[in-house]
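Here are my notes on this model, as numbered points. Please read them with the structure open.

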Amino acid sequence: MKEKKLYITFYTSAEAMATEQVCKENNIKIKLVPVPREFSSGCGISVETDPNIKDKLLKLLEDERIEFEDCKEI
């Protein structure tokens with residue numbers, strides 16, 4: 001069985017890039033990837049990461065006022 005991943009999509013690529021930067025600054029491991037087919041996204045870039053850090057990552061995005069479009073585990 002394939003391991004689940006957490007994907008976060010964004011309205012703009014600037015938000016995706018800002019997420020990458022703040023995650024680096026906070027030692028949170030993510031990867032920028034094309035948006036999976038299961039999503040529709042405005043910018044085409046998503047964050048892929050371990051679902052176990054979902055709460056921590058969403059709190060960071062809230063604190064940094066980075067808007068995201070959707071968040072799903074697939």
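1. D63 is partly exposed, with a relative accessible area of 45% (buried means under 20%, exposed over 50%, partly exposed in between, with a 1.4 Å probe and protein chains only). K59 is also partly exposed, at 46%. The two side chains meet in a salt bridge, 2.7 Å from N to O (a side-chain nitrogen of Lys or Arg within 4 Å of a carboxyl oxygen of Asp or Glu). Both residues lie in helix α2, four residues apart, about one turn of the helix (helices are DSSP runs of H or I with at least four residues, strands runs of E with at least two, numbered from the N terminus).

2. This is a predicted model, in which local features need pLDDT of at least 70, side-chain atom pairs count only at pLDDT 80 or more, and totals for chains, interfaces and linings use all residues. Residues are numbered from 1 along each chain as its sequence is written, and side-chain values use heavy atoms, without hydrogens and water. The chain averages a pLDDT of 93 (the predictor's confidence in each residue, from 0 to 100).

3. Four strands form an open sheet in the order β2-β3-β1-β4, with antiparallel pairing (two strands pair if DSSP finds at least two bridges between them). The edge strands, β2 and β4, each pair on one side only. Strands β1 and β3 are joined by four bridges, and L6 stands opposite T49 in β3.

4. K31 forms a salt bridge with E48, with the closest N and O atoms 3.4 Å apart. K31 lies in β2 and E48 in β3, so the pair ties together parts 17 residues apart in sequence. E48 is buried, at 14%, whereas K31 is partly exposed, at 47%.
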